[in-house]
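Hello,

Here is the structure I promised to pass on to you. Have a look at it first, and my notes follow below.

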Amino acid sequence: MTNTSYAPIGRCLAVANEGRGMGRDHLGTAISISLGLALWTLPAAAQSPRDRAQSLLRDADAAIGRETIASAQEAIRVSRTALTLIAVRGSTPPAANSPELDRLIAGRAFLFTGMGYRILGQLDSTVHYVRRAIPLAHGVDDPSGEALALTELGTTLGNMGQRDSALVLLGRSLSLTESRLGPSEQIQVLLKYGVMLGNAGKSDSARALLVKGAQLAATQKDAVAYAHAHRYLAGGHGKAGRLDSALAYYRVAQTVFGAVKDSVGLSTVHSELSQLFHRLNLLDSALTYSGLAIDMQRSRSMFAALMNSFRGRAIIFTRKQQYDSAVANEREALVLAKRLRNSEAEAALESEIGINFAKLQPDSALVHARLALARTTAANTTSRAYALLALAIAHAGLQQRDSALLHGQAAAGIPRAGLSPEMLYQVIAVNAVVNYAVGNFAASSAYADTATALHSRIGRNAGSDFFRVAFGDNDATMYKMWTNSWVQLRSTLGERAVFRSAGRE
């Protein structure tokens, strides 16, 4: 090994869910590169290629720590430049007989490149580069780089839905940090591992790891990690329906982030507090905290988090039946989705705008619903179902009965295995509403029967995802319409016929 050491600085940075319905955020950890010489004081011309590469990796490390779109792009750029200085092209690792320092530099450059892509939301590229960093770090006995790469890859795969692989990788990282590294490195893995276990439904194990992480953060005087541990503990209590406990943990995180002036962490807590107050049906408080989050996210160009905040804010306005305000926020989110080239979010937002416009301007609703459908593919069943429902609602608003029924039935024809229980409920419920609107009371009552039965199985705790919080809002409308459908059937078919059709006679 060379005498050049690379050691983690134990920095915890919150990254808002870069989308995926994302709720899905993760903790970013950057690495400080401790060079044996103060190379940054030398002119570039006086440095050797390897010295210059190491200096560039310092720049990449600092850029990753800023966690913005621009800084992520900078990290990728300078990491690639560092690779060219040691004659590495693309993502092909150096040969096994290359100098150790070259392999060490390449491993860290691949890692920083992958982390940059993670901030940009390009998770396939993150996996591609970080996978190349792990064997390089292991081969040159760089435990800090190996642990971070294992953690980064595990977290990324978890965010892509590959939880089993994620848990294996995070377990390996924790074993490595406990055996080879210090408490500050362990904190990072404990928190990420705890979050992933919570996402996998292993709440007790998750809580134990998060509590241990919080305790280590306190002993290490790592205020930011301590705040994140409380934020994650709050999320676990929220998923379990213990909303008062969740609020108490969020208050601790809010206080600590505010004290250390961590605007990224504070914006994330404000966003999650907005979700919590939304679940508590305190909609004005939810709007207040989403506004605070948006101000911070906008100032730091946190575009993906900002998009999600506008979408969540639109849902709150929809619940308040302030449809103009809902559409205004959805349009803000749509601009960001296009900037991020997030076609899935674009389609969903066009559907959401269409559904809200159905209450205001049915013609405009139809335009947006058609745009939503045009942006979907057959493989993306959720987006397609959402767009078809928006079209059904728009046509119903225009009194175009046949088209409303056609699109509602098309949504109902999507294979159920491809839809979440909540989306399936929405498909069935909209078909009940559309059939009721056009006077098909028998079909309406049948759809309503199925929807209410499904709703009772899903339950009120459908999850803490911001875009599922309003799941229970359809209760009153659905049950009222269900009752009215049977009343209408009774008036047209007679009481005995209705009882017979319901299987009660």
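Arg 50 is partly exposed in this predicted model, because its relative accessible area of 35% lies between the 20% and 50% cut-offs. Its side chain meets that of Asp 102 in a salt bridge, with 2.5 Å from N to O. The two belong to distant parts of the chain: Arg 50 sits in helix α1 (residues 49-66) and Asp 102 in helix α3 (residues 100-119), 52 residues apart. Asp 102 has 8% relative accessibility, so it counts as buried.

Arg 311 pairs with Glu 352, their closest N and O atoms being 2.7 Å apart. Because Arg 311 lies in helix α13 and Glu 352 in helix α15 (residues 343-357), this pair ties together parts that are 41 residues apart in sequence. Arg 311 is buried at 9% relative accessible area, and Glu 352 is buried at 10%.

Lys 192 forms a salt bridge with Glu 152, with 4.0 Å between the closest N and O atoms. Lys 192 is in helix α7 (residues 183-199) and Glu 152 in helix α5 (residues 143-159), 40 residues apart. Lys 192 is buried, at 4%, and so is Glu 152, at 2%. Both belong to a network of salt bridges that also includes Glu 67 and Arg 118.

Finally, do look at helix α12 (residues 283-299). Its 17 residues should span 24 Å, and its end C-alpha atoms are 24 Å apart, which agrees. Its buried residues, among them Leu 283, Tyr 289 and Ile 294, pack against α10, α11 and α13. Just after α12, Ser 301 takes a positive phi of about 55 degrees.

Best wishes

Definitions and conventions:
Residues are numbered from 1 along each chain as its sequence is written. This is a predicted model: local features need pLDDT of at least 70, side-chain atom pairs count only at pLDDT 80 or more; totals for chains, interfaces and linings use all residues. Side-chain values use heavy atoms; hydrogens and water are left out. Helices (H or I, at least four residues) and strands (E, at least two) are DSSP runs, numbered from the N terminus. The expected span of a helix is 1.5 Å times one less than its number of residues. Buried means under 20% relative accessible area, exposed over 50%, partly exposed in between (1.4 Å probe, protein chains only). Contact means heavy atoms within 4.5 Å.
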